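Student: I'd like to go through the salt bridges in this model with you, and then its overall build. Could we take them one by one?

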Amino acid sequence: MPAQSPRLPKISVIQSFKVAAELGSLAKAAAQLALTPAAVSQQIRQLEEQLGSALFVRTQSGVMLTDIGKEYLRYVTEAFDILHLGQQNLRHAAAVPKLTLYSLPALASKWLLPNIAQWREQCPDIDLSLHGTHTQVDFNATPADFVICFGDDRYPQLDKQLLFRDEVLPVASPALLQRYVGQDVLLQAPLIHLDWGNEGRFLPDWPSWFQAKGMDDPAPQPAFSFNLTSLAIDAAVAGAGVLLGQRRLIANELARGDLVIVDALSLPLSKPYFLAWPQRSLSQPGSKALINWLTALSS
């Protein structure tokens, strides 16, 4: 037989193979596909020539798959399943409007998710797809309709809505505080640090807090450092140390008693959070409702 061709067989040829393999008969496959048995036989022969392998063994009662045929059927079945799934998803997308919101991961997990049920109550007919990312969102290369960003400098050409300004204050778990009864926990307990890279200059750190408090920095001691705010919050809840937590992002942990405020002094972040979007997003069903919901959530 000739060497394997890099071209994919026609979908109609692959479909004839699949039906014949499932029914074990070229004649039955022809009847189901509204073709003649000779046409199905010719398609199978073409497919075998293109693949360079025999797919069927002809028998008196019909056809049986060869080992190569069985392997090829597995791939064909998987491909058709994916096509059917894609078709269903496209029909669903056409029937149900969807908005796609990109957000910083910590905002998505610690601020949006605890309130996500409100969106379903307000807009039961609009699907919401939430993506967490730290990278710049390319609205021409992604399905994004909106993005929640830190500061407004990264998206100068987009429309924006101010959401909120945040602040940090020292918090710790009750279990950690019990280990330092009678001691100054801020000077004795491990401190949790956040590394935001280039954006770190806009986030108050421990030296800034101690300076504002009029205290000397504590003596060097073991500490934890994280590049994700959500990880730092989870570490504080686990009793790993004292965290300068963002008030908006630790609201639920404070309400549940998982974290306790160690000192009332708070320091503001240097930039606020914004919701940003290209003008075309306003033509999407539910877009104004999303802007209003996030604005109300921020108040």
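Student: Is Arg74 buried, exposed or partly exposed?

Tutor: Buried means under 20% relative accessible area and exposed over 50%, with partly exposed in between (1.4 Å probe, protein chains only). This is a predicted model, where local features need pLDDT of at least 70, side-chain atom pairs count only at pLDDT 80 or more, and totals for chains, interfaces and linings use all residues. Residues are numbered from 1 along each chain as its sequence is written, and side-chain values use heavy atoms, with hydrogens and water left out. With a relative accessible area of 44%, Arg74 is partly exposed.

Student: Which residue does Arg74 meet in a salt bridge?

Tutor: A salt bridge puts a side-chain nitrogen of Lys or Arg within 4 Å of a carboxyl oxygen of Asp or Glu. At 2.8 Å, N to O, the partner is Glu71.

Student: How far apart are the closest N and O atoms of Glu253 and Lys110?

Tutor: These two residues form a salt bridge. Glu253 is in helix 11 (residues 251-256) and Lys110 in helix 5 (residues 105-112), 143 residues apart, so the pair links distant parts of the chain. Both Glu253 and Lys110 are buried. Their closest N and O atoms are 3.3 Å apart.

Student: Which residue meets Lys213 in a salt bridge?

Tutor: The N to O distance is 2.8 Å. Lys213 belongs to helix 9 (residues 206-213), while its partner lies in the loop between strand 11 (260-261) and strand 12 (267-268), so the bridge ties together parts 50 residues apart in sequence.

Student: What is the radius of gyration of the protein?

Tutor: The protein has 12 helices and 13 strands. Taken over C-alpha atoms, its radius is compared with the globule rule, 2.2 Å times the number of residues to the power 0.38. For 299 residues that rule gives 19 Å, and the protein is well over this, so it is more spread out than a compact globule. The radius of gyration is 30 Å.

Student: What share of the residues count as buried?

Tutor: The C-alpha atoms fill a box of roughly 95 × 45 × 35 Å along the principal axes. Of the 299 residues, the buried share is 41%.

Note on methods. Helices (H or I, at least four residues) and strands (E, at least two) are DSSP runs, numbered from the N terminus.
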